Amino acid sequence: MTILVTGGAGFIGSNFVYYELAHYPEDRIVCIDKLTYAGNLANLKEALENDHFRFVRGDITDREAVEKLFGEEKPDIVVNFAAESHVDRSVEDPGLFLRTNILGTQTLMDACRKFGVKRYHQVSTDEVYGDLPLDRPDLFFTETTPIHTSSPYSASKASADLLVLAYARTFKLPVSITRCSNNYGPYHFPEKLIPLMITRALADESLPVYGNGENVRDWLYVEDHCAAIDLVMRKGREGEIYNVGGHNERTNLQVVKTVLKELGKPESLITFVRDRPGHDQRYAIDPTKIHEELGWLPTTDFDTGMHRTVEWYLANQKWWKDILAGEYQNYFQHMYGNR
Ligand code: NAD
Ligand code: TYD
């Protein structure tokens, strides 16, 4: 079986490539990635030594390049991780998000139709449901919760999801969608909350918490997400959406304090900064469907996952220091300079 992984040089995509190579050594894994600021070949260093893995630099919105690759590889399954993924960047440049996240999805699905791909899997997010109020801990996102987006990022992901469902109904394209909560773990780009806090705390720099730090996210260790995607793309029902999350809700402040405790750094590093515009209050997933239909359950609890993640950042300082030394400096200055 040949599996085409788009966006495999990013955070979750690279973890997924390793998951597949480890669990299905007989399969061929092909990755197409544009290598934007978030894509990093260093994430795939070990995969590149494996005969069952091929990397191609390419843009999922480039129809010609996509069709050429499909023609060469005839993938059985296509799993789409490629996206612009950072909410704060989507506030700065919505157009890029619409292009990659929506038109890229269309280009891939057109190629799937043309080459008779057996399953197109879309990696989506719980952010398509908008947010839940902080004072209603009894509420969770289910697959039938209405789409209600807040940011250009989430609107672009929701648009892509709708397009995927439209291709399923109109063209009978065999599709599936997973909508996962916030991930954390190795290879997480240090613009996102957890790796940003780890890398800054290690340098004894201030930790910028948006607003009052009471916003809640539902954290899932990345390998548990990879296992869920793998199950759904191979065994999930066609045309279905599956929510993925492990009932691991934490306020941002709790998360930052966990990082500080792991590193033995003082809470005085915490600095409250201007809030994100349109900041979603709370995300919380009800994973009943994927559990009951496919038997999926998370295997890594938050404390274990955070410990493992901090250990990874301690052991892989060159990986993130190389990132921080590049274009990232301008990004940080631009986004946080006068916050
Ligand atoms: P990421 O930003 O770390 O990686 C995205 C990857 O896509 C990068 O390697 C980048 O180079 C590549 N890419 C971007 N534009 C491309 C294009 N036009 N053509 C080809 N490649 C392109 O993102 P991530 O956190 O790994 O997220 C992966 C997917 O999972 C995204 O679709 C995201 O919406 C979804 N998701 C993420 C989370 C999370 O917590 N990170 C949670 C739920 C869903
Ligand atoms: P993030 O990792 O950007 O993921 P998302 O916005 O997709 O959930 O942010 C997670 C939470 O952390 C979110 O509520 C915003 C907050 N946050 C901060 O407080 N400070 C920061 O510097 C960043 C990047 C995020």
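Reader: Where is glycine 278 found?
Author: Glycine 278 sits in the loop between β13 and α9 (288-294). Helices (H or I, at least four residues) and strands (E, at least two) are DSSP runs, numbered from the N terminus. This is a predicted model, in which local features need pLDDT of at least 70, side-chain atom pairs count only at pLDDT 80 or more, and totals for chains, interfaces and linings use all residues; side-chain values use heavy atoms, with hydrogens and water left out. Residues are numbered from 1 along each chain as its sequence is written, while chains are lettered from A and ligands numbered from 1 in the order in which they are written.

Reader: Why is glycine 278 called exposed?
Author: Exposed means over 50% relative accessible area, buried means under 20%, and partly exposed is in between (1.4 Å probe, protein chains only). Glycine 278 has 57% relative accessibility, so it counts as exposed.

Reader: How far apart are glycine 278 and valine 117 in sequence and in space?
Author: They are 161 residues apart in sequence, and 38 Å apart in space from C-alpha to C-alpha.

Reader: What makes the phi of lysine 172 worth a remark?
Author: Most residues other than glycine have a negative phi. Lysine 172 is not a glycine, yet its phi is positive, at about 60 degrees. This residue lies in the loop between α5 and β6 (175-180). Lysine 172 is exposed because its relative accessibility is 63%.

Reader: Why does histidine 247 count as partly exposed?
Author: Its relative accessibility is 47%, so histidine 247 falls in the partly exposed class. Histidine 247 belongs to the loop between β11 (240-244) and β12 (249-251). Its phi is also positive, near 50 degrees, in a residue other than glycine.

Reader: How do you know that asparagine 15 is buried?
Author: Asparagine 15 has 14% relative accessibility, so it counts as buried. The residue lies in helix α1 (residues 11-23). Contact means heavy atoms within 4.5 Å. Not counting residues up to four places away in sequence, asparagine 15 touches Pro186, Tyr187, Val222 and Cys226.

Reader: Why is β6 described as largely enclosed by the rest of the structure?
Author: 6 of the 6 residues of β6 are buried, so the description holds. Both of its faces are covered, with Val175, Ile177 and Arg179 on one side and Ser176, Thr178 and Cys180 on the other.

Reader: In what sense do β5 and β6 pair?
Author: Two strands pair if DSSP finds at least two bridges between them. β5 and β6 have 6 bridges and pair in the parallel sense. Glutamine 122 stands opposite isoleucine 177 in β6.

Reader: Which residues come nearest to ligand 1?
Author: A residue is near a molecule or strand if one of its heavy atoms lies within 4 Å of it. There are 28 residues around ligand 1, and Ile12, Asp33, Ser85, Tyr153 and Lys157 come nearest. The largest share of this shell, 3 residues, comes from β5.

Reader: What is the distance from an oxygen atom of ligand 1 to an N or O atom in the side chain of lysine 157?
Author: It is 2.7 Å. A polar contact is a pair of N or O atoms within 3.5 Å; within protein, one must be able to donate a hydrogen and the other to accept it, and residues adjacent in sequence count only if both atoms are side-chain atoms. A backbone N or O atom of asparagine 183 lies 2.9 Å from an oxygen atom of ligand 1. Taken alone, ligand 1 exposes 830 Å², and the protein buries 96% of that.

Reader: Which residues come nearest to ligand 2?
Author: Glu127, Arg217, Arg276, His279 and Tyr336 come nearest, out of 19 residues around ligand 2. A polar side-chain atom of glutamate 127 lies 2.6 Å from an oxygen atom of ligand 2. For arginine 217, a polar side-chain atom lies 2.7 Å from an oxygen atom of this ligand. The elements giving two or more residues to the shell around ligand 2 are α6 (193-202) and β8 (207-210).

Reader: Which residues cover the two faces of β8?
Author: Leu207 and Val209 lie on one side and Pro208 and Tyr210 on the other, and all are buried. β8 pairs in the parallel sense with strand β13 (residues 270-273) over 4 bridges. Valine 209 has phenylalanine 272 as its bridge partner in β13.

Key:
Areas by Shrake-Rupley, 256 points an atom, 1.4 Å probe, with all protein chains shown as cover.
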